[in-house]
Every structure is written in structure tokens, then in C-alpha cells.
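Hi everyone, thanks for making time.

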Amino acid sequence: MITREEADVKAGGLETRVLLAGTYAAFKTERGGLAWEEFPKLFGLIFDSWLPTSGYKQKCELAIEVLHLWTDREIRCKNRWYEVWVPFEPVE
């Protein structure tokens with residue numbers, strides 16, 4: 001998780017990571033899909049289509065996955081969506 005409401009977190013339940021400063025390309029899915037279906041499609045679009053033709057390269061071995069979910073099952077099924085952030089730099 002990148003963020004959660006403080007009230008939703010049990011004491012000591014989250015790990016802290018510092019993200020690298022820099023420029024990130026952010027990609028997102030449509031609403032309603034399942035993570036195990038959407039992430040492979042999104043990674044394919046990023047790494048097989050966009051990145052090779054973009055003039056950029058991935059800056060390090062990092063890709064941040066962001067899941068936008070809700071606790072209410074009915075709302076979650078309709079509104080969930082996902083993002084992938086990839087740090088990049090120009091190809092020299």
C-alpha cells in the first residue's frame with residue numbers, strides 16, 4: 001500500500017519505504033477489472049509497447065503498483081482500478 005487512512009492501520013502494521021526522487025510515467029487501468037487480469041495487460045502495454053518506442057529507459061528495477069480499492073464489496077467491484085508508476089530517464 002502506498003497510503004491508508006491512519007484509522008485503518010493497526011499499530012506497527014505497515015512498512016515504510018522511501019521512493020526515489022525523479023520522473024515517473026504513470027499508467028492506469030479502466031475501472032472494474034481484477035488485479036490478476038489488469039496488471040499483466042498494463043505491464044505488457046508499458047514494457048512491450050510504450051517504453052521501447054518512447055525514447056526513454058527504465059531508471060532502475062522498480063515499478064510501483066497502486067491499487068485503488070474500497071472495503072464495500074459492491075462498490076469495490078464497480079470502482080476498483082490500478083496504476084503502475086515507472087521511473088524513467090532519456091536514452092542516451
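Let me start with a term: two strands pair if DSSP finds at least two bridges between them. Strands themselves, and helices too, are DSSP runs numbered from the N terminus, with at least two residues in state E for a strand and at least four in H or I for a helix. With that in hand, look at F27, which stands opposite V84 in strand β4.

Before I go on, a word on where this comes from. What you see is a predicted model, where local features need pLDDT of at least 70 and side-chain atom pairs count only at pLDDT 80 or more, while totals for chains, interfaces and linings use all residues. Residues are numbered from 1 along each chain as its sequence is written, and side-chain values use heavy atoms, leaving out hydrogens and water.

Okay, the overall layout. The protein chain has two helices and four strands, and from the N terminus on they come in the order β-α-β-β-α-β. How much of the chain is buried? Of its 92 residues, 21% count as buried, where buried means under 20% relative accessible area, exposed means over 50%, and partly exposed is in between, using a 1.4 Å probe and protein chains only. The chain exposes about 7,200 Å², and carbon and sulfur atoms supply 52% of that. Those areas come from the Shrake-Rupley method with a 1.4 Å probe, and for residues only the protein chains shown count as cover.

Now contacts, meaning heavy atoms within 4.5 Å. If you take the contacts in the chain between residues at least 6 apart in sequence, 69% of them join residues at least 24 apart.

Back to strand β1, residues 24-28. Which of its side chains are buried? Strand β1 is joined to strand β4, residues 81-90, by five bridges, and the two run antiparallel.

K28 has something else going on. Its charge lies over the face of W81, at 5.3 Å from the ring centre. For that to count, NZ of Lys or CZ of Arg has to be within 6 Å of the ring centre and within 35 degrees of the ring normal.

Next stop, the loop between β1 and α1, where we find T29. T29 counts as buried because its relative accessibility is 9%. Apart from neighbours within four places in sequence, T29 is in contact with E38, L42, W81 and Y82.

Let's follow that to E38, which is in helix α1, residues 35-54. Is E38 buried or exposed? At 15% relative accessibility, E38 counts as buried. Setting aside neighbours within four places in sequence, E38 touches T29, G33 and Y82.

In one of them the side chains of E38 and K41 meet, at 3.4 Å from N to O. E38 and K41 are three residues apart in helix α1, so about one helical turn separates them.

There is also a salt bridge between E89 and K57, with the closest N and O atoms 3.7 Å apart. E89 lies in strand β4 and K57 in strand β2, residues 56-58, so this pair ties together parts that are 32 residues apart in sequence. Both ends are partly exposed: E89 at 26% relative accessibility and K57 at 36%.

Last topic: aromatic rings. Rings of Phe, Tyr and Trp (its six-membered ring) pair if their centres lie within 6.5 Å; planes under 30 degrees apart are stacked, over 60 edge-to-face, and the rest tilted. By this rule the count is seven aromatic pairs. Among them are F39 and F43, with centres 6.4 Å apart and planes at 50 degrees, so that pair is tilted. F39 and F43 are four residues apart in helix α1, about one helical turn. F39 is buried, with a relative accessible area of 9%, whereas F43 counts as partly exposed at 22%.

Then there's W50 with F88, an edge-to-face pair at 5.9 Å centre to centre and 80 degrees between the planes. W50 is partly exposed, with a relative accessible area of 27%, and F88 is buried, at 14%.

And we end up back at F27: together with W50, Y56 and F88, F27 forms one aromatic cluster.

Note on methods:
Salt bridge = Lys/Arg side-chain N within 4 Å of Asp/Glu carboxyl O.
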